[in-house]
Amino acid sequence: MSPLLAAVFALLLYLLVRLLHITTPASAPLIYAKDRSSQFVQSVLTLCPILQQPYFPPLLWGKSGHVQTVLYAKMGRVNVPVPNGIRHSILLVDGATLTFDLHKPKVPHKSGESYCLLICPGIGNNSESHYMRTLVDYAQKNGYIAVVLNHIGSHKTIPLTAARIFTYGGTEELHLVRKEVEKLLPESNIILVGCSMGGNIVVKYLGENREHQEGILAAVSICQGYDVLKAKPLLLSWYNLRRAYLYVMTRNQKNLIRIHKKQLLSDEIKCKCDIDEKKVFSSITLEQLDEAFTRRFHGCETLDEYYQRNSCGAHITNIKIPLLLVNAEDDPIVPLDLLECPKTAAGIF
């Protein structure tokens, strides 16, 4: 091997090691709580030892947030489970059809009681998304009922019955599914679980109205971004490839709109709401896409006002039930700058 070829090989190997973070040591999660010495927090840490154990991911690719995000989003785990749930439908007052899937546990819960995880997926996702199927299967194997809210418009095979899809911060659908689950499972203890955008919806739902917390045992938010206004400039940056992720999220939203174009962009709707179809499909960021629908969905409210109203940051301190907020330090979409909100809620300044 020539010296030049050896140098190129060594450089590529070095860059690969840096990209995959292979040499980064595993460490235990950082835990923030208002009073870590309280009996409640100590009981949680005792019952959930995993919260204090180092996470050892797969060696070759598991330490890279980028590889985890891309591979898991596209491929899911090997042999992704296919839970067989029962689909329920709710006809809303505006004519829209909301669906959710209810999956019964495969074994009794070890406590002998009934527990239901009411799960709100991330942007454009539903019960058929790979990570949702994995989460549901794991819940079933541990004795939990798993209910997954299907965001309106996210299912390619379920036609829209009204000219709208889900919104980033709307909590009405979650509330309706929660009420329906309470009717179907009156003896079950409900735990709300939100992933990414779904985490924002769960936390906002609980914090915007204290009555929403009544009857909810606890809540878990996984990898949410907390504040859309603070996230905007960070997502527009090419640092850590965040701009590329934003482009992909925008493309996915446009694909959903194309699938339901007949309902969302009919001539009547475009004329009535002054929607420029070319502007919709030429958008390269979520903000541009939202601007194209501003009059349709936000009325006279500015886009920043809409984002602020639908972020959970202003509501998180109103939550009095047990709430676990989980974020990854190497999340390529939610940088550490956005974690001031949960730290503040936990009393860390």
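L118 of strand β3 (residues 115-120) stands opposite L192 in β5. Strands are DSSP runs of E with at least two residues, and helices are runs of H or I with at least four, numbered from the N terminus; two strands pair if DSSP finds at least two bridges between them. The model is predicted, with local features requiring pLDDT of at least 70 and side-chain atom pairs pLDDT 80 or more, whereas totals for chains, interfaces and linings use all residues. Residues are numbered from 1 along each chain, and side-chain values use heavy atoms, without hydrogens and water.

The following table lists pairs of opposite residues.

| Residue | Opposite residue |
|---|---|
| L117 | I191 in β5 |
| L118 | L192 in β5 |
| I190 | I216 in β6 |

Strand β5 runs parallel to β3, joined by 6 bridges, and parallel to β6 (residues 216-222), again through 6 bridges. From β5 the chain passes through helix α6 (residues 197-208) to β6 in a right-handed β-α-β crossover; right-handed denotes a clockwise path from the first strand over the helix to the second, with the strands pointing away from the viewer.

Strand β5 (residues 189-195) is largely enclosed by the rest of the structure, because 6 of its 7 residues are buried (under 20% relative accessible area; exposed is over 50%, partly exposed in between; 1.4 Å probe, protein chains only).

The open sheet comprises 7 strands with mixed pairing, ordered β1-β2-β4-β3-β5-β6-β7. Its edge strands, β1 (86-91) and β7 (323-326), each pair on one side only.

L15 lies in helix α1 (residues 3-20) and counts as partly exposed because its relative accessibility is 46%.
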